[in-house]
Amino acid sequence: MPSTTAVHDDTTSRAVPGADGATPSVRVEGLRKRFRREDGSEVLAINDVTFDVAPGEFIVLLGPSGCGKTTLLRTIAGLETPDEGVIEIGGRTAFASQRGIAQPPERRGISMIFQSYALWPHMTVFKNIAYPLTSRKGLRLSRADIETRVRTALAQVGIPELEGQYPSQMSGGQQQRVALARALVSNDDLILFDEPLSNVDAKVREQLRLELVSMQRKLGFSALFVTHDQTEAMELATRIAVVDSGRIAQFGTPQEIYSAPATRYVARFIGAINEIEGVVSAVESDHVVLDTPHGRVVSRDTSAGLLVGEGAVALWRPERGHLDTEEPNTVNRWRVTVDAAMFVGSHTEYLVRSGDMSARLWSPRFEDVASGSSSWASVSPADVRVLPITDGEGGPAVTGSIGTTGYSA
Amino acid sequence: MTATQTPPTAPAAPSLDPKPSSKKPGGIRRIGLFDGVTIAIGLALVAIVVIPLLRVLIGLFWVDGQFTIDPIVRTFAIPDLGELLINTLIVVGGSSLAAAVIGVLLAWLNERTNARMGVVGDALPLLPFLLPPVAGAVGWTMLLSPRAGLLNSWFRDFVSLFGIELETGPFDINSWYGLIMVFTFYAVPFVYMNAAASLRNFDTSLEEASRLSGAGAIRTLVKVTLPAIAPGIGAGLLLCIWFGFGMFSIPSIIGTPAGIDVISVRIVQLLTFTYPPETDIAVGLSGFVVLFVGLAYMMQARILRKGRFATMTGKGSRSAVTDLGAWKWPLRILMLVYVAGSTLLPMFALVIVSLNGYWTPNIGWDSLSLDALRIAVLDDFITRQALANSLGLGLAGGLIGIVAAALVSLYVARNRTAFARGLDVGIKMPAAISNMVIAVGILLLLASPPFNLSGTLIILLIGYLALYLPQASIAADAAVSGVGKELPEASSVSGASPSRTFFRIYLPLMVPGLVAGWALLFIRMVGDLTASAILAGTGNPVVGFRILEVFNGGSYALLAALSTVLVLITATVLVLVMVYARRKSRFGITTKVG
Ligand SMILES: Nc1ncnc2c1ncn2[C@@H]1O[C@H](COP(=O)(O)OP(=O)(O)OP(=O)(O)O)[C@@H](O)[C@H]1O
Ligand SMILES: [Mg+2]
């Protein structure tokens, strides 16, 4: 395929300019990947995934274990062959099932950081980092150029003194930095990260996260970053793709995902949430009314396009709720018993109950409310999101995120 | 699948796409040169095993171009067939059972009790490599022959202090117990390795739960530990049986003088020491070997299928060690005595006899010299030729075997297709077939027209390769899996072509494993007697053949000298490889991933 090689030759010059200068770094369309398990059953690890990544974006793929994040990353890298769909990298087709195109990984001109770092143990740090420079076809660099670029990469990740070491002689955090330097050295437009921070301890992880963000913003590469840690996702991402068993459940900025979750699954996966199920009793232009076993709930959120009589669920974040001793002047209010008050530093969490409904409320102020005392809980209609009830049932087995339990009736 | 696109997307990018290649949808790549060569090599390896095997099986029914059951009839007409079969079963069965008991005990002591000694545990599986079976059999003859046996003589001197005078004995290596004992020494490592591996992977919390339920250490061992490692023991036993039926050197050196005939020895006699060779009957007897080893395989498969052995967690905690109390030191000493007795003692006997120049219990400690060794080995033309041939075959055969096996292992690891799996099964198949049978098949196939390879080094090379292929393949598998998946993937993503990934990543990382595999093959090939007895002759002598010739000629000092040289070669290679492996480990190629 001489044409590929020719194209490949100039990938090191930044972004192939498109007609209007906005060629996406990655474009994925209708991607599907099936795996056959040892027992013969089939898993749809990627199920009709479509998305675009613009140059310079930091995209985080977020989802629970086994939802297909790694598989998606590996198909983009060319390490796994999808069954169907199209993958374009920097405007070039890397994979297209219909047209029989499947570029091997070494032709895709991207970098990847593996969860285990995958540093070659028989090479020094310098050799590890120089490897992409000496391997890429059409990238003829002089020895001096290679040295300069390796040293630059080492300096960028802050370990200039380690170039003669072997990987086994370094700490986990240092190995992580070497892996990062190896990904940076060839100046690729796209770098893939598969949970690169999950093997280092919490302190180092935080440090590396900050460095990674500033480096990405400075160097301007596009990043596709896999994690199942929502804090990490929020901190790093310009946009987050929440993955649910092979599909993208929502793709948006961290704010969108948090304040306007598209499905109950997303709402439950990101942050803590309170839920009340009910039936739509009125739909107006600027609000929706739900009849629930715990009274009427009014919401300003009309985006779900619900009809009167349909089942729906009202959701709101704990920090949007209020706890008052006096009856508040809001439509959505409940007379509740305070089960527990927990001071966690930045806020106080109250567990409240009204009949068989329980909910959580976060208040920035600490008030010494006695357990069992009675009080008023309320939430403004502007802070309530309404979604169809059928959606997101049997949501994910949510792990590792605080307060994801729904307190539905 | 929600595709919220914050930035505007460009219309279809300018046509920078690679042209659709001849690849099929789904990205099935054409078979490259690299894979093509590998496949050819793999098929050749499988062919040198399968075709000789088919030749033997067909030979049972097809003689001189027509269908016949004559070989079978004539095999059943062997006057002492019953005795031959029973002898073989007693030796193989007895030694396998003894090996199972000793092997499991040693493995348990070394893996699970505070009597363990790391060095002994590491050394145990290596012992038979240090002392090839031929040399071991000769060494034990030197020690326990009724008249001149060194141990016997020393024992007689000792008891004479108490006024007990003995003329001969009291022990006799040329006996049932002598034969089974030496067989057992060589079978123990098979059980030990498998049992030790199972014990290492065994979840110790099961044992702890049993102890907490009130069962004692012994009861726990019998009720919980042993059943859980049964598959490991079964695999070890299977190897013992396979080894026993194919073993030729020990029964010919120890059993034949005692009048204990076994199948393997008879096959060789029929083929090489009978004129004209009784090929038909040899083939018929080989059929029995195929049958017995096949039965052992089926039993093993049934054991594995019956139990749900799902206790392996791969994370045996090392802390769970049984405290043996007062038994610790006695058991340790027992282990050391076993190691010394099974290996060091016969080695010592070989060295002493060869330095002494002749075999006598009255060793002239002052007159020990290398002269005898020199005269016996270096000044003898045929022996020199045999040594040169063996070394050459070991070097070349080991190299060819391990490189070919590595290519196939790599191919199998990267292509999970039915064809690749078939190749893997094919290359490991000799492990299921007795060495004896393959050697017979190769003789029948290649010694006659159109090949006429009889008496050449080529036929020996092919024979050795076919026989020791499974060992090569297993060593290569370990080397490939040690590299893992992500290291080569990281290389591909970095832009390296498949061949660059092979030479820069796979090969350097596999070299330590491949060197160890090569050493193993080298030692097996140099110390081989099975293929050598059948395929070598005066035209293409090798060490194993020469040892057999000298043994039949009755020159014991020369026999000891030859065996000593064999041990020296083997030990040198082993030590060099171990030193090399230690140096390599500084990379800590434990960064195992994937
Ligand atoms: N080679 C394979 N063969 C069969 N099934 C596979 C294979 N690789 C992945 N799978 C299956 O595909 C699904 C997605 O796996 P994937 O590794 O992409 O998950 P993940 O989201 O990365 O999970 P984690 O967060 O645990 O890494 C899983 O159900 C997994 O069992
Ligand atoms: Mg993963």
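Axes are lines fitted to C-alpha atoms, for helices over the stretch in contact, and angles run from 0 to 180 degrees between N-to-C directions. Helices (H or I, at least four residues) and strands (E, at least two) are DSSP runs, numbered from the N terminus. The model is predicted, so local features need pLDDT of at least 70 and side-chain atom pairs pLDDT 80 or more, while totals for chains, interfaces and linings use all residues. Residues are numbered from 1 along each chain as its sequence is written, chains are lettered from A and ligands numbered from 1 in the order in which they are written, and side-chain values use heavy atoms, leaving out hydrogens and water.

H1(B) and helix H20 (residues 457-483) of chain B pack at an angle of about 95°, their axes lying 9 Å apart. The two helices are therefore roughly perpendicular (65 to 115 degrees) to each other. In their contact (heavy atoms within 4.5 Å), H1(B) contributes Leu45(B), Ile48(B) and Val49(B), and H20(B) contributes Ile462(B), Leu465(B), Ala466(B) and Leu469(B). Seven of the contact residues are nonpolar (Ala, Val, Leu, Ile, Met, Phe, Trp, Tyr, Cys and Pro), with no polar and no charged ones.

H1(B) bends by about 30° at Ala47(B), the bend being the angle between axes fitted to the seven residues ending there and the seven starting there. Buried residues (under 20% relative accessible area, 1.4 Å probe, protein chains only) of H1(B) include Leu45(B), Ile48(B) and Val49(B).

Chain A has nine helices and 21 strands. Of its 409 residues, 55% count as buried.

Key
Buried means under 20% relative accessible area, exposed over 50%, partly exposed in between (1.4 Å probe, protein chains only). Angles under 35 degrees count as roughly parallel, over 145 as roughly antiparallel, 65 to 115 as roughly perpendicular and the rest as oblique.
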